[in-house]
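Thanks for joining. I'll keep this short. Please bring up the sequence and the model.

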Amino acid sequence: MPTQRAVALALAAAPLALLLGALRPEGWLLGVAWALGIAVLVLLDGLLARRIVRADLALAAPATAEVGDRVTLTGATPGLAYAVEATPPLDPADAPLAFTAARRGTARIVRLWARVAGPLGLAWRQRSAAQDGEVRILPDLRPVREQGMRQFLRSRQFGARIRPESGDGTEFQSLTDFQPGMERRAIDWKSSARHLSLLAREYRTERDNSVVFAVDCGRAMSDPVDGLPRIDRAVSAALLAAFVALKSGDTVRLFGFAGRPVADSGSVNGARGFATLHRTAAELDYGNRESNYTLSLVSLDQRLQRRSLVILFTEFTDPTSAELMLAAAARMHKRHRLLFVLFHDVELDRVVDARPQSADDIVRANVAHALLRERRIVIERLKRLGIDVLEANPDDLALALAERYVRDRERP
């Protein structure tokens, strides 16, 4: 393959032939001879160039990178020029082997080209080979490290002693006189009848809780809210709360689903387990299919060996499309505690609150109002089933979830 130098020298033959032809009629033949001579030199230069062997067609790539990072690949042999074909979420940068991690996901290295110039710099010897490498683009952990540690330290401000907690624990501690403000379900009616005094049960605060972060990766969660896809915001919130949970001694699991389960970290604990959750988060890709709650939640229930707190990040559009979600949630609620995490649709609120300038604006506002009203219907149905719901603005949800976890776990 000729280089730019060879092409430039060959093109120089045209004005040379024109000039010589103007001076002498047979002079244009020297221009043709010049071009032929360049072609022969290109052929010889290509033959003299270093051969590219299979060992040269290797590439060093990082196994993981975080969103926004610059990813630089390295060829196996110095001195060779390399080019790479990679799939999104790696976007080409300002150098042949440089890319930018644009979003979460798994990027694949498809093909690698290597070439070397001959000694005269007139020809390239080139060879390519298919590649099977991949780079996992993980969520940016800087906010998680900073905010998560603050939340953990806040959760420790009460000290490390065991705190009695009425009603929600599983380890019975003692009986005590029923006091105003205690939950009525904490009353031990049999003991109260024997002692002729109203008594309540106290439980020890649970440690080593099982917490599952289930992230819906379906079509609705891929839609943006306030500029970012819902699934990206959900992953960031889940990792922040998971960091606090692991630091607090709980067992954590990250589970992703769309039409079927797509990712499962398994149960992990301890600070080292966060790396597993971080890697699993890269598998939660953007989907274009409707979510199958029945199959996915039944599959999750079968994998859980004990009662767990299941924190479900999802989105729905209307009561009709949410029927299967409600039915699956009701079945799972019989065995586990559920917390639905929803993003407040600030964009619909803006449409409703905006001052109309035309008839189309009025129609849009009415449609947005109807969608918000139907959304409230689904949320109320969830609450009537005894399922907790956390709804917050997109930018505030990550901290709101971490604070909700800390408050529920460290309740005095």
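Which residues of the largest nonpolar core touch the most other members? They are Phe213, Leu277, Leu284, Ile311, Phe313 and Leu401, in a core of 42 residues.

Keep in mind that this is a predicted model. Now, where does that core come from? Eight names to highlight on your screens. The elements giving two or more residues are β13 (210–216), α7 (230–247), β16 (251–257), α8 (273–281), β18 (309–313), β19 (337–343), β20 (388–392) and α13 (397–409). The largest share comes from α7, with 13 residues.

Take Leu284 next. Set aside its neighbours within four places in sequence. Leu284 is then in contact with Arg104, Val215, Cys217, Ile231, Val235, Leu254, Gly256 and Ala263.

There is another core, apart from the largest one. This other core has 25 residues, including Phe255, Leu300, Leu304 and Ile387.

Now to Ala12. Ala12 sits in the loop between α1 (4–11) and α2 (13–23). Is Ala12 buried, partly exposed or exposed? Its relative accessibility is 36%, so Ala12 counts as partly exposed. Trp34 is 22 residues away from Ala12 along the chain, and their C-alpha atoms are separated by 8.8 Å.

Last, confidence. The chain has a mean pLDDT of 82. Of its residues, 86% reach 70 or more. Residues 158–170 have pLDDT below 50. In the model, that stretch has 34 contacts beyond near neighbours in sequence. Where pLDDT is low, the predicted coordinates should not be read in detail.

How values were computed
Residues are numbered from 1 along each chain as its sequence is written. This is a predicted model: local features need pLDDT of at least 70, side-chain atom pairs count only at pLDDT 80 or more; totals for chains, interfaces and linings use all residues. Side-chain values use heavy atoms; hydrogens and water are left out. pLDDT is the predictor's confidence in each residue, from 0 to 100. Contact means heavy atoms within 4.5 Å. A nonpolar core is a set of buried Ala, Val, Leu, Ile, Met, Phe, Trp, Tyr and Cys residues joined through side-chain atoms within 4.5 Å. Buried means under 20% relative accessible area, exposed over 50%, partly exposed in between (1.4 Å probe, protein chains only). Helices (H or I, at least four residues) and strands (E, at least two) are DSSP runs, numbered from the N terminus.
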